Amino acid sequence: MAESTPVSPGDLQGVAELDLGRAARRGYPEAILCEPKTPGQVASIALALKDAHDKGTTTGPVLFTRAPAAHAEAVLRVLPDAMHDEVGRILAWPPRAPEPTGGLVAVLCAGTSDLPVAREALVTLTYLGRPTEFVVDVGVAGIHRVLAREDLIRTARAIVVVAGMDGALASVVAGLASAPVVAVPTSVGYGAAFEGLAPLLSMLNACSPGVGVVNIDNGYGAGHLAAQIAADPG
């Protein structure tokens, strides 16, 4: 079998065991982390998910995260109509996002270099059904840019802050907001940023209360958590 060639939908032994009931159990469907897998494995999973969706044994959109070009191409061969955000390296299928419900989630991206992680969070929120506002390049080097969004910060139900370098944006936003802040450290920065460790520690040590921190570059995890926070009470 060529590395990018999918196996049949019923033959995932040794590759994956899909959690097709996750949407019914948790309210959110399974997501597939592509990067550590081969393109062929990802294509096989995509084929199995399509088969399950066609049979009605799974519902809701499926996200394929951290998809390099070869992996995205493998998914699109199986699911040619999938939504593909190349910057965020994330795909969603079926491509139509659900109608948004729940509270507004603001995604604040400190700098252009943080865009891949911020867009992963944004797409995750969109396909988990939350209304969003996306703001780019509001890092603390120009504090006026954050303050100009104070109305948005005060009205959001949850806020995702994506920042590398010193990670200070999370503390600043939390000091303005009544909503929880989900902070995402990125691996952007010079040597002493230690590939995201410096902003991770800054966010964990935020002096403003109400900041929760996800792992370095984990836009998906941040989007998922913020979507749960902003969900309407069920």
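User: Which residues does His224 touch, not counting residues up to four places away in sequence?
Analyst: This is a predicted model. Neighbours up to four places away in sequence are left out for His224. The contacts are then Arg26, Tyr28, Thr124 and Leu128.

User: Is His224 buried or exposed?
Analyst: His224 sits in helix H9, residues 219-229. Its relative accessibility is 8%. Buried means under 20%, so His224 counts as buried.

User: Which residues of helix H3 are buried, and where do they lie on the helix?
Analyst: Helix H3 covers residues 69-78. Its buried residues are His71, Ala72, Ala74, Val75 and Val78. Seen down the axis of H3, they fall within an arc of 160°, so they line one face of the helix.

User: What do the buried residues of H3 pack against?
Analyst: One partner is a helix, H2 (39-55). The others are strands: S2 (62-65), S3 and S4.

User: In which sense do S3 and S4 pair, and which residue stands opposite His84?
Analyst: Strands of a sheet pair through backbone hydrogen bonds, either parallel or antiparallel. S3 and S4 (residues 90-93) pair over three bridges, in the antiparallel sense.

Key
Residues are numbered from 1 along each chain as its sequence is written. This is a predicted model: local features need pLDDT of at least 70, side-chain atom pairs count only at pLDDT 80 or more; totals for chains, interfaces and linings use all residues. Side-chain values use heavy atoms; hydrogens and water are left out. Two strands pair if DSSP finds at least two bridges between them. Helices (H or I, at least four residues) and strands (E, at least two) are DSSP runs, numbered from the N terminus. Buried means under 20% relative accessible area, exposed over 50%, partly exposed in between (1.4 Å probe, protein chains only). Contact means heavy atoms within 4.5 Å. The arc is that of the directions from the helix axis to the C-beta atoms.
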